[in-house]
Structure formats: C-alpha cells, structure tokens
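Colleague: Please take a close look at one part of this model, the packing of its secondary structure. Go on from there to the residues around it.

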Amino acid sequence: MLLNQFLLLSAALFCIGVYGVLVRRNGVLVLMSIEMILNAVNINLVAFGTFHGIAGQVFALFVIAVAAAEVGVGLAIILLIYRNSRSIDIDQLDELKG
Amino acid sequence: MDWFLTHAWIIPALPALGFVLILLFGKRFLGPTRAHWIGVPLIAVAFVLSICTGVAWIQHTNDPHGGPLADVQEECSRTVQATGSEEPAEHADEGPTEGHAAARGRSVAQEDHGTEATTTQEGGEEHAEAEKHHDTQPVVRCVSWFDTGDHSFTIGTLVDGQAVMLLFVVTLISLLVHLYSTDYVNGDRRYTHYYAFLSLFTSSMLFFVLAENTLQMMVGWELVGVCSFALIGHWWEEKPNSDAALKAFITNRVGDVGLIVGVIVLFFGAGQSFSIIDINIGANEGLMNHTVLLVASCCLITAVMSKSGQFVLHTWLPDAMAGPTPVSALIHAATMVVAGIYMVGRLYPVFFEGLAIGGSSINLLALVGGVTAVFGALLAFVQKDIKKVLAYSTVSQLGFMVTALGVGAWTAAMFHLFTHAMFKACLFLGAGSLSHASHHSFNMVDDMGGLRRVMPRTYWTYLIGTLALAGIIPFAGFWSKDEILAGTGSANEGVGNYHFALVMLLIGAFCTAAYMTRTIWYAFYNGEYKGHGHPHESGPVITWPLIVLAALTCVIWLVNIPTKFFFDWRPPESFTLKFEHYVEPVGPFFPGSSDNFTHAEFNGWIAALSLLVAGGGLLAGYLFYWKRALKPLENLAEKSRLAAFFKNILVNKYYFDWLYTDVIVHAVKKPIAAAAYWFNQKVLDGVVDGAGKTAVASGRFVYDKIDQGVIDGVVNGTAVVATESGGELRRTQTGRVQQYAALFFAAAAILAGIFVLVIG
C-alpha cells in the first residue's frame with residue numbers, strides 16, 4: 001500500500017466536498033459536504049499517521065470531535081433559518097448583500 | 001522717651017487705620033451718622049502721641065549725645081554709610097564737645113574741599129558755639145521699600161524739630177476739625193465718606209511731614225492732593241463744586257511736574273540718593289554743583305507755587321472753598337497748602353545755596369512770595385463770600401511765609417506757619433459757624449450782618465483771629481509777622497538786604513488789616529441781619545474748637561519770645577526763642593553762620609512800623625465802614641474810571657482764570673484738537689481702516705481659494721473617493737455564502753499553487 005493512493009482518495013473526497021459546498025442549495029447538504037471535506041482531511045491525517053507516527057491519528061480524533069460539535073451548531077443554525085424563513089435554500093439568505 | 005522719636009510712624013498710621021476702618025465698617029456697623037466714632041478717637045490718640053513726640057524731642061535736644069548724625073540709621077543715608085567705615089580716631093583731636101559721628105559727618109566736606117587747615121579753625125569756632133547751641137540730631141529710621149538693581153529705596157521717618165512742630169499742628173487742627181465736623185456735617189448724605197477722607201487727608205499730611213526721603217515726600221504730596229480733590233468735591237452733585245475739585249487737582253499737577261523734575265535733579269545731584277539728610281548735607285557742604293541746585297530749586301518753586309497757592313498758580317485755592325468749611329480750615333491751616341512751605345523748609349540748604357539767599361537782595365522765592373502777599377491781599381477786597389476773603393488771605397499769608405524763606409528767615413517762616421495755622425483755622429471754623437447760623441450762605445454782604453449780638457462766641461473768637469491775622473500786638477500773628485519783617489534784613493542785621501520784600505510785606509500787612517476789618521463789618525455789624533430765618537449761636541461742638549483756637553492764638557507767641565523788646569527791655573534768657581532753639585536744625589544739614597546765615601533780632605523800628613501799618617489798616621477800615629468818614633472813597637468805582645478799571649481787574653482776579661481757561665486751554669483746544677482730530681480721522685483711522693480692509697480681503701481670498709478650494713477639496717475628494725470605491729466594492733458583497741466560499745477556495749487553491757511552486 002502506498003501513501004499516494006490514500007492521498008488521491010482524500011483529494012477526490014475533498015473535491016467532491018468542495019463541489020457540494022459550492023453548488024448545493026440545500027443547507028443540510030452543504031453541511032454534509034463540509035463533513036465530507038473534514039473526512040477527507042481525516043483520511044489524510046490517518047494515512048500520514050500510519051506512515052510517519054501516531055500523532056496524525058490523534059489529530060484525526062480531534063477533528064472528528066470538533067466536526068460533531070460543528071454539525072450540532074450548523075444544524076441548529078439551519079433549524080433557526082428554517083423557522084424564520086420557512087426555507088433552507090442558501091441562495092435566498094442574502095441579507096448581508098452590500 | 002526716645003521710643004516716641006523712633007516710632008513716629010505710628011502717628012500717620014493711626015488715621016490711615018481710621019480711613020480703612022471707616023471705609024470698610026463705617027457705614028455697615030456704625031450706621032450712616034456715626035463714622036466719627038472711629039475717626040475722632042484715632043486722631044485724638046495721634047494728637048497725644050504727637051505731644052509725646054514733641055516732649056521727647058525737647059528732652060532729646062536738651063540731652064545731646066554724639067554728633068548730628070548719631071541718630072541716623074545707617075541704611076537711610078549714604079553719607080552715614082560712607083563715613084561709617086572711616087577711622088574715627090584720626091579726628092579725635094577736634095575736641096571732646098563733638099562726638100565721633102559729628103566729626104565724621106563734617107570731615108567728608110573738609111576732605112572734599114581740600115581746605116582742612118581753614119575749616120579746622122572754623123571748626124574750632126563752631127565748637128565754642130556748639131557748647132551753647134549744640135547740633136541737633138534728627139532721628140531717622142527707615143526700612144527697605146523696594147530694590148532695583150543695586151539701589152535700595154527706603155521708606156521711614158525723619159523726626160526733627162520741624163517735623164515735630166508740624167505733627168503737633170496737623171494733629172491739633174485735624175482733631176478740632178474732626179470734632180467740629182460732627183455737628184457741622186451732621187446729616188450729610190456722605191458722612192462716612194467725609195470722615196474717611198478726613199482721616200486719609202490727615203494721614204497723608206503726617207506721612208509727608210515725617211518723610212525721610214524726597215521720594216516718600218512726593219508720595220505724601222500726591223496723596224494730599226488726591227484727598228483735597230475728594231474733599232473739595234465732596235458735594236459733587238453741583239457742577240461748580242466738581243469743577244473746583246478738578247481745578248485744584250489739575251493746577252496742582254502742573255506744579256507736580258516741577259516737583260518730580262526737582263526731586264530727580266536732586267537725586268542725581270546728591271550722588272543718587274533720595275535721602276533728605278544726604279541732599280541737605282550735599283547742598284550745604286558745597287558738594288553739589290551750584291547750577292544743579294539752582295535748577296532744582298527753580299523746579300521745586302513751581303511745586304510750591306501750585307501747592308501753596310503762590311502767584312500765577314494760586315487760582316485753585318479760592319475755588320477750593322467749594323468744599324465743606326471744616327475741610328477748608330484743614331486745607332488752609334494744616335494739611336494742604338503748608339506742604340509747599342514745609343518742603344522748602346525741609347530742603348532749605350538747596351534753596352539757600354541754589355538761590356544764593358545769603359547776602360543777596362532779591363531772589364525768586366522772595367519775589368514770588370512778595371508779589372503773592374500783596375496781590376492776594378488786594379483780591380480779598382472785592383469778595384462777597386467770606387470764605388473767599390479768607391482764602392485770598394491765606395494766599396497772601398503763604399506769600400509772607402515764602403518771602404520769609406526767600407529772605408533767609410527760616411525760623412520766622414516756620415513760626416508764621418505755626419501761628420497762622422491757629423488763627424486761620426479759628427477764622428475758617430468761625431466762618432463755618434457764621435454760615436451755620438445764616439442758612440448755609442457764605443455771602444457776608446447780602447446774607448449776614450449784625451451777627452455780633454446773636455453769636456457772641458463766634459464774634460469774639462473771630463475778632464481775636466482777625467487781630468492776630470492783622471498783626472496786632474500781643475496776638476500770635478504780630479510776633480511771627482514781625483519776625484519775618486525783621487528777617488528781611490532791610491533795617492537791621494539779617495541774612496541779606498531784602499528792601500523790596502519788606503516794602504511788599506508792609507503793603508500786604510496794611511491790606512490784610514483793612515480787608516479783615518471789612519469782613520468784620522459786613523458779618524457782624526452792618527445794621528440788621530439780612531439773610532433768611534433767625535440766626536442763632538452755634539452749638540458747643542462748633543464753638544469750643546473756636547474758643548480753643550482763639551485761646552491758643554492769644555498765648556502761642558510765648559513759645560518764641562524775642563531776646564529783647566521795645567526800649568531794649570530783655571526778658572529772662574531762659575524764656576526766649578524756645579521755638580527757634582527746638583525747631584531750627586543746627587548741623588551739617590542746615591545753613592550755619594559760616595554760610596552767612598544769621599537770625600535777625602527784634603527790631604523796635606520794624607515792629608513799630610508793622611504795628612503802625614496794621615493799625616492804619618484797621619483804622620482805615622473803621623473810618624470807611626463805621627464812621628463813613630472817607631466819603632470820597634465810597635463808590636469810587638462809579639465816580640472814577642481809573643478806579644473802575646482797577647476794580648474790574650480785581651473782580652476778574654487779574655484775568656488769570658480767563659488766561660488759563662480761555663487763552664491757554666482754548667488755544668490748546670482749538671487748533672491742537674482739530675489737528676489731533678484730523679490726524680485721528682485721516683492717519684490713525686486710515687491705518688486702522690486699511691488694516692481692516694486688508695484683513696477682510698485676505699480673509700475672503702483665504703476662504704475662497706484655500707479653505708473652499710484646497711482644504712475642502714481635499715476633504716471632499718477623500719469622501720468622494722471613499723464613496724466611489726465603496727460603491728464599486730459593494731458589488732462583491734453579494735450576501736451569498738457559496739460565492740464567498742468559492743472565492744475562499746479559489747484563493748486557497750491559488751495560495752496552495754504558489755506554495756507548491758515556490759517551496760516544492
């Protein structure tokens with residue numbers, strides 16, 4: 001097993017995640033795409049941890065914990081957005097427009 | 001007793017304290033009618049202290065110790081400072097009668113002259129005299145007033161016989177005037193103000209009298225002027241009164257210029273010293289240039305002319321009658337007008353040397369005094385106002401004093417000042433009493449008459465004052481006037497031979513007797529009372545001062561009994577010439593026998609002539625008014641054109657007021673004022689207007705170009721740029737999260753690319 005294969009998988013996951021963040025209109029799906037990006041990072045960390053020392057895996061655990069918290073906050077925000085505007089379409093959330 | 005001599009400053013301090021207290025608390029705590037509760041006790045204490053100082057001075061003179069400068073504090077006099085360090089032993093051979101300080105004081109002059117040999121002989125002769133008549137020792141105390149550079153100006157007291165004499169006169173007259181005023185000015189609307197200034201007036205004069213240096217003298221001199229201004233204009237609501245006050249003040253300013261110049265000349269002449277002792281020693285010992293002394297004395301005579309109402313600048317004095325009568329008494333007897341006489345007496349060596357009085361027959365002082373004595377007296381004949389008669393009488397009598405100083409009869413001048421203060425105060429207060437009775441009118445011709453029956457006390461005291469003023473034996477005026485006449489040295493041994501002065505004074509004496517008789521006739525005889533209401537004798541508060549002054553007038557001559565009377569009768573020597581002995585200074589600061597300064601003795605012929613002249617004046621008045629015996633002289637002005645011409649001159653007061661007001665003031669007013677107006681309008685206003693216009697134009701330019709164009713342009717430009725750029729940049733702010741994220745990732749990708757390219 002080569003490190004490159006993991007890195008390529010991770011890069012593919014990252015790109016899919018970025019695509020999802022940029023393109024999806026549904027807020028929940030955007031959140032899910034962010035999770036995907038985070039997991040791409042996790043793969044990277046674990047892969048490097050396997051080849052270069054245990055520290056990467058510890059970081060991966062931290063990222064998973066933080067991602068859980070982030071999803072909790074993110075879902076709460078989306079829930080509130082829904083309550084206020086009966087929609088979770090991100091394109092319509094442009095009150096900050098200059 | 002020396003405590004009184006060294007602490008003489010308390011005497012002027014007391015009325016000054018009274019002034020402050022009355023001003024601060026008089027009205028509020030005592031009410032508008034009780035300001036005298038403060039003024040009278042303080043002046044009474046000052047009077048008692050003055051008497052104590054006098055007694056102390058007599059003891060001090062009787063019990064001499066050391067030389068003439070032994071009691072001069074070292075800081076006060078440069079002469080004492082300069083000689084203080086000298087070795088006193090080298091003059092020890094000068095004799096035991098004189099102390100070291102005397103030897104020191106005199107040695108300066110001797111060494112400077114380089115004539116030690118001759119002066120030692122003279123010194124020896126003086127010692128013989130000195131055993132009889134010891135040098136006086138003025139008591140000088142001073143403190144530092146202010147320092148400029150290496151100069152220390154002092155302020156202090158110079159107590160000698162002359163100062164003590166005037167302390168007594170000023171406090172006595174002031175005390176009587178204070179008492180008299182409690183009735184006379186009672187109910188006045190500015191009672192408190194009146195008493196405050198009365199106190200300040202007294203205090204200023206005492207300050208002036210005790211002045212230790214000429215600078216301090218000048219301060220006192222000006223203070224006296226200010227107070228007289230305030231009191232003459234006491235009833236300023238009426239225009240003539242405030243005019244009179246202004247006239248008194250402004251006329252005095254003219255003379256003050258002379259005083260300032262004279263004092264400055266003497267300051268440099270005496271080696272940069274204001275000290276009176278220094279100046280007198282410098283002048284008397286010949287250390288000062290004669291020209292300097294001549295210039296200084298001429299300048300100071302101008303000051304005397306204005307302050308002491310001498311001819312040419314006398315015009316303010318009669319107008320000063322606008323003030324309350326007690327103030328007139330104070331001005332004429334004690335505080336204001338004698339200041340000039342006192343100043344000449346104080347700086348006598350300056351005049352004696354400067355005008356070369358010794359051995360001469362005419363000088364400026366004698367001329368001014370002689371002319372004033374006659375011309376002032378003549379004016380008194382045409383006055384209807386009783387106070388104006390007395391005012392011109394004062395002018396004339398001050399002329400007597402100035403003449404006496406001019407002819408070298410110093411003691412006679414001071415003695416006349418002394419006696420004149422008593423009887424002139426008596427006459428003025430008497431005139432006040434008369435006006436009190438006749439509804440505040442002073443017009444003796446139209447509003448008085450026949451008052452001798454209703455006002456016996458005023459009548460008798462006024463009569464005594466008149467006889468004293470006329471110079472009838474044995475009242476005070478005779479003795480002092482006779483001393484002056486003898487002092488002219490015209491008929492006997494004197495300082496000089498002043499025939500002109502003698503003639504003028506005799507004419508003056510005749511006129512004095514005659515116009516005073518006229519006053520007595522109009523006020524007390526002349527048929528029935530002509531004024532309003534019923535006249536009545538004044539209350540005891542008014543009459544008692546009159547009685548005291550009249551009594552003093554009768555006895556005061558005893559202080560200076562001549563050494564011999566008519567027919568060579570000589571009174572016991574222990575009674576004679578006390579005034580001369582205690583008042584006249586002897587020492588290096590006063591002309592002595594070596595300067596040809598002598599004392600004229602009583603001369604039977606002169607005395608008889610003076611009595612004859614005075615009696616002639618009285619008789620002429622008696623014949624003219626009572627007996628109507630001089631019919632050809634009555635209504636002379638209507639009969640003779642020449643007499644009318646002279647009367648017109650007198651009524652118009654020699655046209656001096658016209659000269660000052662219409663000629664001088666008008667001449668100044670018209671062209672100079674017009675020129676000043678033109679200058680003001682064209683030049684000054686032009687400059688000011690030009691400056692204003694330039695300022696406006698430049699202001700407009702700055703506003704238009706710089707403020708509006710540059711500064712506002714910069715500020716507005718900044719704002720415009722900010723707005724424009726903000727408007728452009730806001731398009732990037734779409735509010736879409738995904739767009740931001742896209743940018744974010746794009747930027748991250750670019751950074752990563754750079755990272756890889758640069759590092760990898």
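Modeller: A residue counts as buried if 20 or more other C-beta atoms lie within 10 Å of its own, as exposed if 12 or fewer do, and as partly exposed in between, with C-beta atoms placed from the backbone. The model is predicted, so local features need pLDDT of at least 70 and side-chain atom pairs count only at pLDDT 80 or more, while totals for chains, interfaces and linings use all residues. Residues are numbered from 1 along each chain as its sequence is written, and chains are lettered from A and ligands numbered from 1 in the order in which they are written.

The part to look at is helix H19 of chain B, residues 410-437. Helices here are DSSP runs of H or I of at least four residues, strands are runs of E of at least two, and both are numbered from the N terminus.

One partner of H19(B) is helix H15(B), residues 338-346; the two pack at about 155°, and their axes are 11 Å apart. Axes are lines fitted to C-alpha atoms, for helices over the stretch in contact, and angles run from 0 to 180 degrees between N-to-C directions. H15(B) and H19(B) are therefore roughly antiparallel (over 145 degrees; under 35 is roughly parallel, 65 to 115 roughly perpendicular, the rest oblique). Their crossing is left-handed, that is, the near helix is turned anticlockwise from the far one by less than a right angle; clockwise would be right-handed. On the H15(B) side the contact is made by B:Val338, B:Ile341 and B:Gly345, and on the H19(B) side by B:Trp410, B:Ala413, B:Met414 and B:Leu417. Contact means C-beta atoms, placed from the backbone, within 7 Å. By class the residues are 6 nonpolar, 1 polar and no charged. Nonpolar covers Ala, Val, Leu, Ile, Met, Phe, Trp, Tyr, Cys and Pro, charged covers Asp, Glu, Lys and Arg, and the others, Gly among them, are polar.

Another partner of H19(B) is helix H25(B), residues 540-555, where the axes come within 9 Å and cross at roughly 150°. That makes H19(B) and H25(B) roughly antiparallel, and this crossing is left-handed. H19(B) contributes B:Met422, B:Phe423, B:Ala425, B:Cys426, B:Leu429, B:Gly430, B:Ser433 and B:His436, which meet B:Ile542, B:Thr543, B:Pro545, B:Leu546, B:Leu549, B:Ala550, B:Leu552 and B:Thr553 of H25(B). The contact of H19(B) with H25(B) has 11 nonpolar, 5 polar and no charged residues.

Leaving out residues up to four places away in sequence, B:Leu505 touches B:Gly370, B:Ala373, B:Phe400, B:Thr403, B:Ile484 and B:Leu485.

A further helix pair in chain B is H12(B), residues 290-307, with H17(B), residues 364-379; their axes come within 11 Å and cross at roughly 20°. H12(B) and H17(B) are therefore roughly parallel, and the crossing is right-handed. B:Cys298, B:Ile301 and B:Met305 of H12(B) are in contact with B:Leu364, B:Leu365 and B:Val368 of H17(B). These divide into 6 nonpolar, no polar and no charged residues.

Some single residues follow. B:Gly258, in H10(B), counts as buried because it has 21 C-beta neighbours inside 10 Å. Beyond four places in sequence, B:Gly258 is in contact with B:Cys299, B:Leu300, B:Thr302 and B:Ala303. B:Gln216 of helix H9(B), residues 214-232, is also buried, with 24 such neighbours. B:Gln216 lies 62 residues from B:Thr154 in sequence and 8.4 Å from it in space, C-alpha to C-alpha.

B:Gln272 sits in the loop between H10(B) (239-269) and H11(B) (276-284); its phi is positive, about 55°, although it is not a glycine. With 11 C-beta neighbours inside 10 Å, B:Gln272 counts as exposed. In chain A, A:Arg86 has a positive phi near 55° and is in the segment after helix H3 (55-85). A:Arg86 is exposed, with 7 C-beta neighbours inside 10 Å.

Key. Two residues are in contact if their C-beta atoms, placed from the backbone, lie within 7 Å.
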